[in-house]
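This briefing covers a predicted model.

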2 protein chains.
Amino acid sequence: MTNVRRVTYSWPMTADARPRSRRDRPAKAPLSEEVIVDAALAILRAEDLKAVTLQRVAIALDTGPASLYVYIKGGRDELRQAMYDRVLSTVTLEPPNADRWREQALALLERLLAAFEAHPGIAAISLANPASTRPALLIAENLLAMLLAGGITRQDAALATDTLLLLTSARAIETDVWRSQDDGHDDQPDIEQHLHDTYTSLPAAEFPHFTELAEELIGPDTAARFQFSIDTFLDGLAARAKRD
Amino acid sequence: MTNVRRVTYSWPMTADARPRSRRDRPAKAPLSEEVIVDAALAILRAEDLKAVTLQRVAIALDTGPASLYVYIKGGRDELRQAMYDRVLSTVTLEPPNADRWREQALALLERLLAAFEAHPGIAAISLANPASTRPALLIAENLLAMLLAGGITRQDAALATDTLLLLTSARAIETDVWRSQDDGHDDQPDIEQHLHDTYTSLPAAEFPHFTELAEELIGPDTAARFQFSIDTFLDGLAARAKRD
DNA sequence: ACCTGAACACCGTTCAAGT
DNA sequence: ACCTGAACACCGTTCAAGT
């Protein structure tokens, strides 16, 4: 059989006119939800959630946005939920130990916070719907188990699980936004210095405490603020358990 | 002086050709930041934050989006901040009373939560930047004053103010989103029933507590969850004050 | 200084058509 | 069933031009 495909061209062909065979390019990885979420998370880690658009994810996969709908039927929102679940599934869990339930709970929430902070903007998704996917429920179950092991009432433990996860998400969202505001505006010194100046130059008649406590208000960093929030809440929870 | 303007037309003029005088239409209210924010809040109350686009606000004011930039130099984000400030300025404050600081703080936060809930989506703006506008600072100052009146340490009061406001915003955002998910999907019963079913039908081996405590996890409504969060945190705060 | 129409570069989603 | 190009109806923002 002669090689009928061997032809000569009298003119250089444009890229558009030449039929592109698979051999011309590295084989394209087939699409799948996993591959799509991978691409989305890569963009997320490099930039932030705002940059993760269907068009950009599609371009990263060398296709068009319409192609994504085969695997992500729910469109953008479903993609975001899938990204969120992937991030949550990296948080390591720990069997509850009655003697160190407080440290365990705090450590779990700190790991969750760290996972959020490694993925700019992802925390905002957590408030977008009640936890009902497996990775979110596994974290909640683990936290709930720790509180129950610590002797907290059933009803208190249930409500506390809700509050603690809410607080962690909120703190992460706050951090994300502060960070995204910091970028781009290189002219401003840093955001903390700016806030300190704002507070101290407030009219003292209307803002006696803000002007006086500017240091206390701004000093502690995110980690310290987070730990205070959780610790104080757990103090209250323990006090309730003793009171009953 | 004869009335030179009195003319007759031999042909009916098209709407485009006829010079439109002010008399032809009700006088158009002049633009201003106040008028723009009014229009934006009207759309917000009737629908939600997603519906408040510059194009829609402009149409409501019988103009184009470019016209808004005269008064809202910062574009969409500045408009959102202005809306947020207007909502916060409706929250009534109260001089601190050392004997009832806990009730006062809870009541203040409940009024803030109510203001958020009356304006779907507005709470999301609160996390978008550190409080530095007057209405936000006045609420924070008032809360801080209550905590200090209650004998809380300076540093604890500062951190607690931060946490309490964060918790209130987070709870409001959560409510907003639950509510917006409820709309449109009339086929689903209600969201609580659906969650209850989800929890009870989880594999008991992996989720022993979630399956058993479904009632406790879902039962309490938003108001009850909010009160628990704040109360428990204040318990912890009071316990810290006594301990020192 | 105020206002505007038109354009620009995006966005999520749908759909008819191809394989 | 999978993939695609093209279009649709939006979005925020900019800009030259008018008053």
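**Surfaces near DNA and between chains**

The surface near DNA strand D is made up of eight nonpolar, six polar and three charged residues.

DNA strand D
- Around DNA strand D there are 17 residues.
- The closest of them are Thr63(A) and Ala66(A) from chain A, with Thr53(B), Ala66(B) and Gly75(B) from chain B.
- At least two residues of this surface come from each of α3 of chain A and α2 (54–60), α3 and α4 (75–88) of chain B.

DNA strand C
- DNA strand C has 16 residues around it, and Thr53(A), Ala66(A), Gly75(A), Thr63(B) and Ala66(B) come nearest.
- The most is given by α2(A), with three residues.
- By class, the surface near DNA strand C holds eight nonpolar, six polar and two charged residues.

Contact between chains A and B
- In chain B, 47 residues are in contact with 48 residues of chain A.
- On the side of chain B that touches chain A, at least two residues come from each of α7 (134–149), α8 (154–182), α9 (191–200), α10 (208–212), α11 (214–218) and α12 (222–243) of chain B.
- Of these helices, α8(B) gives the most, with 16 residues.
- The residues on this side of chain B divide into 27 nonpolar, eleven polar and nine charged.

Key. Residues numbered from 1 in each chain as written. Chains lettered and ligands numbered in written order. Predicted model: local features only at pLDDT ≥ 70, side-chain atom pairs only at ≥ 80, totals over all residues. Near = placed C-beta within 6 Å. Helix = DSSP H or I, 4+ residues; strand = E, 2+ residues; numbered from the N terminus. Nonpolar A, V, L, I, M, F, W, Y, C, P; charged D, E, K, R; others polar. Contact = placed C-beta atoms within 7 Å.
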